[in-house]
Every structure is written in structure tokens, then in C-alpha cells.
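Hi,

Here is the structure we talked about, with my notes below.

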Amino acid sequence: MSWNSGDFYNQQYIGLTSYELQEQYANGNFMPSSFQFNSQQFYSPNEYLSPTVSSTLDEIENTEPPLLEELGINFEHIYKKTKSILNPFATPDSSILDDVDLAGPLVFCLAFAFSLLLLGKIHFGYVYGIVTLGTVGMYALLNLMASSDKPCSGIYTTSVLGYCLLPMVILSFASFVFRFNGFFGMTIAIIFILWSSISASKLFAASLAMIGQQLLVAYPCALFYGVFALLTMF
Amino acid sequence: MRRPNHHSDQERPVEPNVRPNSSQNAFFTPQTAFYGQPNDPALEMERLTSNPFLRVGMKAVEDGMKDITGKTFNALPDEMKKSVSSIRYYFAVDQAYVRKKLILILFPFRSRKWSLDYSADEPVPPRVDTNAPDYYIPLMSAMTYVLIASIVLGTQKRFTPEQLGTHASSVLIWNMIEIGLLSLIFYICNIHSKLRLLDLIAYCGYKYVGMIVVLSSYLITHSLLAYYCSLLYTGISISFFLINCLRLQILPDTSGSQAYNVNRNRRRVYLLLLVTFSQPVFIWCLTRHLIVT
């Protein structure tokens, strides 16, 4: 990571010194040696597509990363994360633990707010406020509870909490189709809340190496998702 | 500028943190004994401000101030670093501790040992000692209270999402009023005890566990009788729990010269009783508006 404090201040300049740069121009060359063309190569038409020129074009194409990778969208990771949430009792894949991605959480939050619209409740502001407060609170709690050498960033907590909102989105779409009233509705809601919070706490505990604290992390997640269930039910 | 690399434990020397004189300002006492690692407060702030732009900016501000006023000052004061690490002490919990503490709050009548363990003059973190105060349980139970109050209102068809905010802010404000009044009374009566402000916040937060029990019993049974019975039982258990916990903190040691301090001793007893018996009153006050006869 280039933001490590040691590296940032101790970087060395790698490259040509000014003396060497000047030397390149010493013998009457007006271009540095790496760009020197033999004049015959430069003017003859049958060497327009010469291997040296085309190989440099190939190099330029090969050094550019593919578009999706540049945008940071990694479908493989998104699929693996969604699979790990849908099965809360499986151990998470270690490759996805450090991946931060905010597109998924954004989609899920918007889907949840739209499903509330189907129920006749316009609660976009409340959903946004709860997500913000919950994420900040979770970030503070995780940093205070975990050991000092494994900090977690706010973006990572947003990503995990947003992805694990998926069961609540399913609950709210289901509550448009069925009507969850009374005791039966409460138990269904509790099952979905437990599902969300177990998957969220599993991801947190695995990536922050919290031993014997997974239930302690699951409980605030359960409270967070419980508020969403509350918005859905009442 | 060289900074310690926090990934190599063997390079860092184990240094005890300098503890300020406890009679001056007990608020910022750093805790050193948890996780078995040296607890360097500078690391906490460094992690929080690991953004190099922030550091450059802070340095520019400091240099600017030095040019203007001719005095050097540190933009990130040491006390902020120490207070973060002293709050971390209260979050060093694990599942076994939370379970035992909840059972202790709701059924304190069997426990015989109430004194805190100390190691090297610092209290041991809550992971190790069940009697140590923590912030996890009060915080979680306060938020659970907000949630359960909203559920109760929802079953009575009185719920709007603003109620969440109303209850959360009432919890915060009542807590602040209570802690402020108690600290003021401690200060006015000139009582110096081993009880620190941070510990007092923790002990005053345990009543939310009682509130949750009261509200859930009302939620499940919908009867006033269940509400009042659980209120009575919870009041008794919380008072018993707090009297036993605070007795060792507020009342002086019996080995001192007691006849000289008779007046002050009585004031301490009154203060202890005030703290413990105000808790059931708070439980009743914060739950009665949710009960519909």
C-alpha cells in the first residue's frame, strides 16, 4: 500500500539523473536514444508496417487493462459475495474478504426503499438516515472492539452491511405479496433478521479476526436490520 | 520523519504508559493491560488519521501557528489519543463476559464476590473480570430499548419512523442529564472516590437491561399486572446489583480512620443510595408512556 507512512516519505527517485539525460543529447542527437529511428526506416513505405512499429502498437494495447477492471466491477466477486450471503452457514471465501464494492449496497438500499413504495410508505429519507447512522455506529464499534492492528475502514463496513441487506429486501418484497400480521409475521421477520445478521457478522469476524466475538458483532447487526424490518412491518 | 511500523511487534519496546496523578483528572487515565500488547495511544490516533493529506494539513496548520504566535502546539492533543485508548478498555469484551454479566444484572442475589481485580494498579479489562464495567452492554441495551419501544408502539398502531428518533434522543438526553447531575453532586459534596466518570457512565447504563425486560414482558402478555410485576422485580435486582458494585467504589475502605470522617461517610452513603434508587425511577419514567391501559 502506497499510503504506508514509511513508504510515503522514503520514496526514492528511480530514473535517469539530469546528467544522464543531458548526455543523451550530447552527440548532436535531437531525440533521446530510445526514440532514435534509422532514417531509412522512417521514410521507406514498405517498412511502415515494420515489425518494430507494430510491436510497439501491440505493447500499447496489451498494457491497457480491460474496461471492467478499470471501473472496478468484478462480477466474479459480486457473485461469490451474493452466494456467501444466501448461505449464512458456509465459511466465506477468503478472496472476497477484502474487496470493497459500493455498487451492490447502493442497489440493495434503493431496492428496499422502492419496495416500501409498493407498500404505500414513502420512507426514502428514513432509509438513508438509518443506513448512514448504522454504518457510522458499526464502524466505530468495530474499530473499538477489534484489536489495533486490524483496522476496518468505513467503506468496508458500508459494503458488508449493504450486501447483507439482501434478505431484508426479499422480506419487504414478500410482505407486499403476503400480509405479515401478528405473531406469524413477527417470527418470519425475526428469521430474516437473523439470516442477515449472521451473514454480516460472519464476514466481519472472518476479516477482522475477532475471536469469540462473533455473536457480539451479530447483535448490533441484528438491531440495524431490525429497524428495517420495523419499517417494513409497521 | 520516522514512524513506528505497527506490524512488527518485536521491534517496538514495551513501555509502560505514563499515568497522570489520579487526583487531578481521572478522566484520561490510559489503560495498558489488555490484549497483552503495549497500548500506545499514538497508534490509535495514527490509525484514525492515517490519511497523509490530513497529516500534511495539520503540519501546515502547526507551522503557521508557530509563525504567527511564536508558540508550538500540537494539533492532535495527547489527551484525545489517551481518551480513545481508555474507551477501548470498556469495549474489550467477549461472549462469555456478556452472558455472565447479563445474568448478574438480572439475578444478582447469588454472587458473593463484587470487588474488581487489579493488575499493576490498573483494573483488569472486562474480558477477564466479570465485575468490571463495560460499555458494550449499556450501548446495546439502550439501542434495543429504542427498538422494542417502537415495536410496542407498532402493535398499538401508533408507530411512525419519527418515533425512532424521538426515543433515541430521549435516551441520550436523559443519560446526559443523569450523569451531569451525579457528577455535579459528587463535586459539590467534595467526595473523592475511586469511581471515575467513565465508570459511572457504564454503571448508569445498566438500567436499560431492566427496561428491556419490562417492555418485553408487557409486549408478550399485554397485561398491566405483568408490567408492574416485572417493574418491581427489575427495580429490586438492579438496585441490589448497583449497591453491591458501587459500595466498594464510593464508600471508603474500612481500614481508614472512620471516626474523623463521620459526616463525609454519611454523605457517601446518601449518594450511593441516590444513585441506586434513581435507577428504578428512571425505568418507570421511560416506559410508562408506552403502556396503554
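Arg196(B) and Asp199(B) are both buried, meaning under 20% relative accessible area, with exposed over 50% and partly exposed in between (1.4 Å probe, protein chains only). Their side chains meet in a salt bridge at 4.0 Å, N to O; the term stands for a side-chain nitrogen of Lys or Arg within 4 Å of a carboxyl oxygen of Asp or Glu.

Before I go on, please keep in mind that this is a predicted model, where local features need pLDDT of at least 70 and side-chain atom pairs count only at pLDDT 80 or more, while totals for chains, interfaces and linings use all residues. Residues are numbered from 1 along each chain as its sequence is written, chains are lettered from A and ligands numbered from 1 in the order in which they are written, and side-chain values use heavy atoms, with hydrogens and water left out.

**Salt bridges and charges over rings**

Over all chains, the structure holds three salt bridges. Another of them joins Lys207(B) to Glu178(B), at 2.7 Å from N to O. Lys207(B) belongs to helix 8 (residues 207-221) of chain B and Glu178(B) to helix 6 of chain B, so this pair ties together parts that are 29 residues apart in sequence. Helices here are DSSP runs (H or I, at least four residues), as are strands (E, at least two), numbered from the N terminus. Lys207(B) and Glu178(B) are both buried. Asp117(B) and Lys113(B) also meet in a salt bridge, at 3.4 Å from N to O. Here Asp117(B) is partly exposed at 31% relative accessibility, and Lys113(B) is partly exposed at 42%.

Lys207(B) turns up again: its charged end sits over the ring of Phe282(B), 5.0 Å from the centre. That label needs NZ of Lys or CZ of Arg within 6 Å of the ring centre and within 35 degrees of the ring normal. Arg288(B) likewise lies over the face of Trp284(B), at 4.7 Å from the ring centre.

**Aromatic pairs**

The whole structure has 21 aromatic pairs over all chains. Rings of Phe, Tyr and Trp (its six-membered ring) pair if their centres lie within 6.5 Å; planes under 30 degrees apart count as stacked, over 60 as edge-to-face and the rest as tilted. Phe114(A) and Phe124(A) make an edge-to-face pair, 5.5 Å centre to centre with 85 degrees between the planes. Phe114(A) is in helix 7 of chain A and Phe124(A) in helix 8 of chain A, so the pair links parts that are ten residues apart in sequence. Phe114(A) is partly exposed at 47% relative accessibility, and Phe124(A) is partly exposed at 31%. Elsewhere, Phe112(A), Phe224(A), Tyr225(A) and Phe228(A) form one aromatic cluster.

**Chain A**

Chain A has twelve helices and zero strands. Of its 234 residues, 37% are buried. Among contacts in chain A with a separation of 6 or more, 70% come from residues 24 or more positions apart, a contact being heavy atoms within 4.5 Å.

Among the buried ones are Tyr156(A), Val160(A) and Leu161(A). The buried residues of helix 9 pack against several helices of chain A, including helix 6 (75-86), helix 10 (166-177) and helix 12 (214-233).

Best wishes
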